[in-house]
Amino acid sequence: MPNYFPPNSNAFAKWLIWGGVVFTILLVTSLTVFARTFNNKVGVPVAQPVAFSHALHSGQMGIDCRYCHTSVEVAASANVPSTEVCMACHSQIRVGSPQLANVQQSWDTNTPIEWNRVYDVADYVYFNHSAHINKGMGCSECHGQMNRMEAVWKNEPMTMGWCLECHRNPASRVRPREEVFNMEYRRPENQAELGAVLVAEYNINLEKLPQCSTCHR
Amino acid sequence: MIKEAENKINNSTLDIAAVREKLSKSQGKAYWLGLEELSNTSEFQEFLNEEFPRQSVAYENSVDRRDFLKLLGASLALAGLTSCVRPVRPSEKIVPYVKAPEEMVPGRPLFFASAINQGGYAMGVIAESHQGRPTRVEGNPDHPASLGAMDVTTSASVLGLYDPDRSQTIVGGADFAAFATALQGAAGGSGFAILTETVTSPTLARQLAQVFEAYPQTRWYQYDQLHNDNTLEGSRLAFGEPVTTRYDFNQADVIISLGADFLGEGPARIRYTKDFSRRRKVLSAENTMSRLYVMESTPTITGAMADHRVTIRPSQIVAVAGYLAGELGVAGAEGALPENVNAELVEALLADLQAANGRSIVIPGDGEAPYVHALAHAMNSALGSVGTTVFYHENVEAQPVNHTEQIRALTAAISAGEVTSLLVLGANPLYTAPIDLNFAEAYSGITTFHVGQYFDETAARSTWHVPQTHYLETWSDARAFDGTVTIMQPLISPFYNGKSDHEILAALLGDAEATSFQIVQDTYTANVQGDFDDFWRQSVFAGVIAGTQAPLTEVTLASLPETPTLSSGEYEIQFKLDPSILDGRYANNGWLQEVPKPLTKIVWDNVAFIAPATAETLGVSNHDIVTLTVGENSVNAPVWIMPGQAANTVTVHLGFGRGENAGHTANGVGFNANVIRTSDTPWQTVGGVTRAAGRHKIVTTQIHWRYDSPSGENDTWADYKDSTTQRRHIIRHGTLAELQAEPEYPKFVHPVAEEASDLYPDFAYTSYKWGMVVDMTVCTGCNACVVACQSENNIPVVGKKQVAVGREMHWIRIDTYYGGDLDNPEFYMQPVACMHCEKAPCEPVCPVGATVHDNEGLNVMVYNRCVGTRYCSNNCPYKVRRYNFLQYAELTSTATELSLMQNPDVTVRSRGVMEKCSYCTQRIQQGYIRAENQGRKIADGEVVTACQSACPAEAIIFGDMNTEGSAISSHKGSVLNYALLGELNTVPRSTYLARLRNPNPGLVTGTEVQS
Amino acid sequence: MATARRPQDVPKIDETNRVIARGETYASIDDVVSQPVEETPFKTPRWWFVGITIAGLGLVMYLVSVIKLLTTGIGAFGNNQPTAWGFFIINFVWWIGIGHAGTLISAALLLFRQPWRTSINRAAEAMTIFAVVCAGLYPILHIGRQWVFYWLFPYPNTFGLWPQFRSPLDWDVFAISTYASVSILFWYIGLIPDFATLRDRARHSFMRWFYGILCLGWNGSTKAWQRYMRAYLILAACSFPLVLSVHSTIAMDFATSQVPGWNNTIMPPYFVAGAVFAGFAMVLILIIPLRKSFGLEKIVTMRHLDNSAKLMLATGMVVVYGYFVEVFMAWYSGVEFERYMIFNRMFGEQDAWAFWALIFCNGIAIQPLWSKRVRQNTTWLFIISIIVSIGMWLERYVIVVVTLKRDFLPSSWGGFNPTFWDFSLYFGSIGLFFTLWFLFVRLLPSVASSEMKELVYHDSHHGSDYFEAARAEEFKEKGLPV
Amino acid sequence: MSAVTAYTTTANVAPEDLYGVVAEFTTVEGIMAAAEKAKKAGYKRMESYTPFAVEGLDEAVGHEPTRLGWVVFWMGITGFATGFFMQWYSNVVFYPLNIGGKPLNSWPNWIVITFECTILFSAFTAGLFMLGRNGFPRPYHSIFNTPGFERASRDRFFLCIEARDEKFDLDETKDFMETLDPVRVSEVER
């Protein structure tokens, strides 16, 4: 009786099996990475109707965040400024500049500018800016160094796992209140000790932070 | 949600056309089609233990087209959980303001004081606005009629604002200018009349005065089904003048209600509930409570609260009142006690009254004959309660008149040709007017200008129709029951370019451009001393104008007239306003249609209440149809056997049977009782009742009401089944005397010895420890909490068919049990929401940890983690979890302007997700963040749940059990405090105060309370 | 072949009771077993086409119902509050129960050295796997958001969350998936030598390839056999406790809850017994037609049917005992909720019929099995097995639906009334099961021929009653009844 | 007892690609005896092929008992540890949550899954280890070149003495095979 299969079919079969195993491992890992990065458009600059440069306004001119994002300290949402705010300066400065055409038009026609959302938290997540600002959580922790961004991109994956990293251990991120709006702030070497001190000082409720009800309602 | 909200409000162009187009396709099969598969042949004797199987229907689509549109018309939702339906969210736009409004912080709600005008009388509210969208109203604590509480209609009014069924276009002419000219033309000519509802608004009164100046021959008529003519006539009989009676239940020790439902009806119902409940609040044996005797023919929530309830037929009230008055020494009053009234009880009652020396109230029902009112006045003065518990002041209506007479006169005038053109402000007389007047025919004969929120029966027959504004859309003013004036401010510009009554009258006066704001201000500029702006700011801000309460007046009793002889027959028919939709003005409000009616738990229907004995003689049972005949008019009504209903007395509720005129929610719901309602006997009459063919499936949210077995034994299956509720110790009730007998450890609160034992160590709740107590002694079961919760938590309406299969979504329900004698039972009301058990059985069984405990003891439901195994619901002993069997809430993709009503702080749940009471966790979180930002702890009473804020009886207490001396801790400490199903060791955070009654000691034999 | 030499002291046992008919040879076994599989498609018997067509229609109905479920939601079905679990869970438990007999026959009887298992274990295992497939789909379908069912598995996710391992439902996830995968492995390992046989018998190159790949190049070397037999024994040793644990876990879905009528310690044992009970009923339902239509009477003898029937009777009585204990404990506990629950089951207006019907099906209808005449009559066996299957479905109906309708608060009592879709999904799943079954009997050897050859070998050397004889002696020594 | 007369096939196989010499038997007794003799004769590298597992044949051919049992045992222990650790870690360390007031490490709740993991690991070890050690999948095998080997899965028993056995010598071995009373002896190429 002859063999049905050629001798090299043995090797082939082995390769098939081991190949399958390796492939699965690669697939799982790559998917995991994908879910945390590209899929979330992390680091991808978002084009806007108005070529507004945070690098220029915040970075070079050093305008405080709160000049435009007025409600960040008192409300859940750090509001996107109304056209009025832009016009406050640009009715004098660089009037008629082509980059400002849309702003001017919005002002004249009284139609809002439609900005493209960069940070989009799911609707069932109730993020509150004021709570974070007042407890010494710096803007740049989530938004990165806005003062260096021409076009803004999402600086962090914004996944629940990412949120939890800090909610489980705020001491690793918390900074002095006066540094909250400092985009250039660097964590000191003794962040661990400093963090512990600040957590106590700001009365950050470590027990409450990781609770579901803290963010979901 | 908030950004969603911003987007919506800022680029929301209300696509009316689209909505209309949607609504036009909405003719569907009747609701209960297929429900009759259920063979429900049980006889009336077992009706209480009969459990109608909640049959599910083999329907083609989840929510069929009609239902969908009903829901659309009733309650729509932003999709909070879109990402659960669509894993990848599309990129969104941020749309900021061009010019940011003053004092508005995006994401922070604003609150405005205003008032809802109901039957002419104001109920003060605080309206919440998110980025300019009114999302919710609550009671105004400074307002005398509300004191911060609410009822169902108040909470639900915000839904009425967004109702896409509201009339949206001017009918009869090109535009408002054309309307104005036509109106002026009509007024200029002879035979012009104005028909309004009850007018207490100073501004409206002022404008009307101006109209009569400008057009002297103009006649003014008022018609409003909510208007209590008999009270008015009663006061005329007693004092010769239409004074208003005001009661102080907080001061009363003994209260006799002669058919009066003062807790559930009338412009002061919320205030009276507050006062009444405060007087009956008992935490320990030291406290005392008033004693309430109720004589009524059909059970009301007032009757359910009674310590002694007497069931008598409407026609017997006069005799009983006469007897009482006679005994109390009222000159000229006489009456024989009917044999079906327990004489012993009446004697005890009289003794009680005498003993109370003035701290007593005899209050007649609005529906009772004027003579009864006169007797009541006489009795109150004889008892010397005037000035202590009973007060009189001038009637606050612009022109107190008998509305039934008014509509009669108007009809006569029209047929006599004296009135040829008519302006109707708000009213819907073609539906509500007594049938015998044949008003519709008269109305169609003349030129008519109708102003209303809906294109209703009247609008359909009018020459002109102009959309009317909702109270949240316009400036106006109105008086409370005690005369206090509220300036009503708008929260949003009119949705459907509606016009306010003020603007209409201004147009009539030739100024079509005048704004309500200007008109209302003009009323006060004249007679305000000091800085007007200060006055205005204060008054508008506070929601009341200080010192406008009507002053008390001295009254002198006239001698009693002859005792009227009320016609009585085999069957007496009684008309009542529906507890939810009143006279039908809220018929198109899905929340009010779906909220289970007090005592019966019926939804989406009105029925004919008949007594068990009557049902036996008629040989009918629930869902059967009877024909009610009055004179030559008759109507078919489904039967509901009501324990405690007077024999041979049928009670029907108004406001239903709107045909196709009321909007997609109300159309085809219930039957129209107005067609047998005549002008000379508007509230109670004599008629015929015969069985008719067919059945109509009435849907209730509860199918077993029995508290104990009538026979007292349980050796047969039926009796055993009846009495199981009692043996489960679900309702724990006793008398004040029993409490005083053993003040430390009352047996009735702890029928079985409970010792807490657990294998597991307890979790420590160190920061906050939220808890709730429900006081069953004062809870009237008025449903205010149910609708308030629905509005706060974006709870969808599911429609009759879904309720029929047991899928209602209310997070809090009011369980109702009947105990004792079927003909005159005791009623037990028990609000049940999630108990937030510390040892919650629902949590360990969830395979994904979608329901867990947080560090403050809340049993949190994480919608976005829920996969919908429903195991938690199975394992919940209280069955308080609600499941989205279908896509009840609307998805963003299909959202209409109704979505704007949603509370942005609460996730909207998608299909396949479990939900339940969250203790209003969003309010707790907001309070927490507010407090933390200010570097302090949450103060006691700072976080208030929606149900708590609504409750007029203050029966719901919520707070942090770790805070010393907080209201919640004192209630938890009460000897009456018990945990529902505590023996399961679920350690619920919500507990109950046992139901206390205060029966007359003289009438208590053993534990048996005579009635 | 050599004629049998039988030990003198063994009492003669009548021919119908042999685990294998006389005169079978290695080759004849091969032919009987392989013939139906090797038939060219044209030669496939007509009944097969009829059968798979009917089953296929059922499968279509199943798919339609699933689409309806996914598009409309659970709301299209009868589930409601308080009856949040309906047909889905009933059918889930029913199918899982059926699955158990297969594993029991192949694993437990192997460990207990029961030679009569050999000819039916292959078919029984196939039944197990198909039943588990039908069962396993139900929990996924019955959740509200089927598209995230994988959240029940521990996998790396961006939420930073794990399943909630305290939940019996998550125990199910592990139990069912383990059960399914181990059963398939066990089954496949058992098939390998027979695949080799088919490869070597194959007349078409395609079949040679097909079975050649399936058998992984099995060559029957003694070393391979040595490892094979050890692995097979270990698999059996794993499967036996596994099968007990699986249905105990299912039982714990109910037993660990708080619902009166579910919260009973008796649940796991009596669920397992019920599973075996229902399982053997299904085995008979499948085997009786199979042996006839494939002419396997000589290797699937009356002995097999008789033993299955005996086991059915035994486990059936255990189940009846379970019912009794439920009633007794409800009464004895004195807990109102429990008492009411049981009274409602027995006398409740809506559902008493279900209770008494299941008492008849599972309690009364099996009593005739005491008589050997009935046990040896395939028609009667078939009918009784059908009745038992229905009865076991009713049992789950009573446990799931009737119990949920009436729990703690009378205010929240409700009803349950299944819709068209409930039934279509149920009958559809039966269609799915039989589609798989018909494919199995056509494509794979439905009897383990290599194991049968072992029997033939023993038969030819010690007589087919070898084992009985051995045990009879053993029993005699211990003075036990034979 | 053999009714069949033995005959020998002499395929002219070059010695380098000779796999071995195979003798074919019809009965269990035949192959058992043959194996015993071959072992006595001092052959080490031989293997027998049978349609079903023959008790004792493995010792006869001289195979060591398999160590499968121990491997499975240790993998079972691993499964147990993995299952328990997964649950303990996720509930106590990774995300401690208050679930119905139960302790974080409510180990009685871990039992079922731990057990299932044990079984899962053991069963799959048993199955896969067996296949792996046998070198499966192995579609090609020299022994298949044996004439009439298709009956090895049916009703014939084969004994193969492999060429790599140091005692192997084509003619001697063939002659030796003849003495074993087979139905056929054949040379098999690689």
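Predicted model: local features only at pLDDT ≥ 70, side-chain atom pairs only at ≥ 80, totals over all residues.

**Entry 1: a salt bridge within a helix**

I applied these cut-offs to B:R271, which at 24% relative accessibility counts as partly exposed. I found the two side chains meeting in a salt bridge, at 3.2 Å from N to O. Both residues belong to helix α9 (residues 269-279) of chain B and are 4 residues apart, about one turn of the helix.

**Entry 2: a salt bridge between distant parts of chain B**

I next looked up B:R219 and B:E418, which form a salt bridge with their closest N and O atoms 3.3 Å apart. The pair links distant parts of the chain, 199 residues apart: B:R219 is in strand β6 (residues 219-222), while B:E418 is in the loop between α14 (403-415) and β13 (421-425) of chain B. B:R219 is partly exposed at 31% relative accessible area, and B:E418 is likewise partly exposed at 39%.

Which two chains does the pair of B:E932 and A:K135 join? I traced B:E932 to helix α28 (residues 921-933) of chain B and A:K135 to the loop between α6 (129-134) and α7 (139-143) of chain A, so the pair joins chain B to chain A. The N to O distance of this salt bridge is 2.5 Å, and both residues are buried. In chain A I also recorded a network of salt bridges that links A:E141, A:E165, A:R173, A:R175 and A:R187. Over all chains, the structure holds 66 salt bridges.

**Entry 3: the interface of chains C and B**

I then turned to chain C, where 68 residues are in contact with 67 residues of chain B. The two chains bury about 5400 Å² between them, with 52% of that area on carbon and sulfur atoms. On the side of chain C, the residues that lose the most area to chain B are C:Q81, C:R145 and C:L409, together 14% of what that side buries.

For polar interactions I noted 43 residue pairs in polar contact between chain C and chain B, both residues being at pLDDT 80 or more. The largest share of the side of chain C that touches chain B is the 7 residues from α10(C). That side divides into 33 nonpolar, 25 polar and 10 charged residues. There are 3 salt bridges between the two chains; one of them joins C:D407 to B:K879, with the closest N and O atoms 2.8 Å apart.

**Entry 4: strands of chain B**

Why is strand β3 (residues 121-130) of chain B largely enclosed by the rest of the structure? I found 9 of its 10 residues buried, so the strand is largely enclosed.

On one side, β3(B) pairs with strand β2 (residues 110-118) in the antiparallel sense over 9 bridges; B:S114 has B:V125 as its bridge partner. The hairpin of these strands has 2 residues between them, and B:G119 takes a positive phi near 60°. β3(B) also pairs antiparallel with strand β4 (residues 133-139) over 6 bridges, where B:I126 stands opposite B:E138. In that hairpin, again with 2 residues between the strands, B:Q131 has a positive phi near 45°.

Lastly, I examined strand β12 (residues 390-393) of chain B, which is covered on both faces: B:V390 and B:Y392 on one side and B:F391 and B:H393 on the other are all buried. Strand β7 (residues 244-247) runs antiparallel to β12(B) and is joined to it by 4 bridges, with B:T244 opposite B:H393.

Conventions. Residues numbered from 1 in each chain as written. Chains lettered and ligands numbered in written order. Heavy atoms only, no water. Buried < 20%, exposed > 50% of the residue type's maximum accessible area, 1.4 Å probe, protein only. Pairing = 2+ DSSP bridges. Contact = heavy atoms within 4.5 Å. Buried area = accessible area lost by both parts, 1.4 Å probe. Salt bridge = Lys/Arg side-chain N within 4 Å of Asp/Glu carboxyl O. Polar contact = N/O pair within 3.5 Å; in protein donor to acceptor, adjacent residues only side chain to side chain. Nonpolar A, V, L, I, M, F, W, Y, C, P; charged D, E, K, R; others polar.
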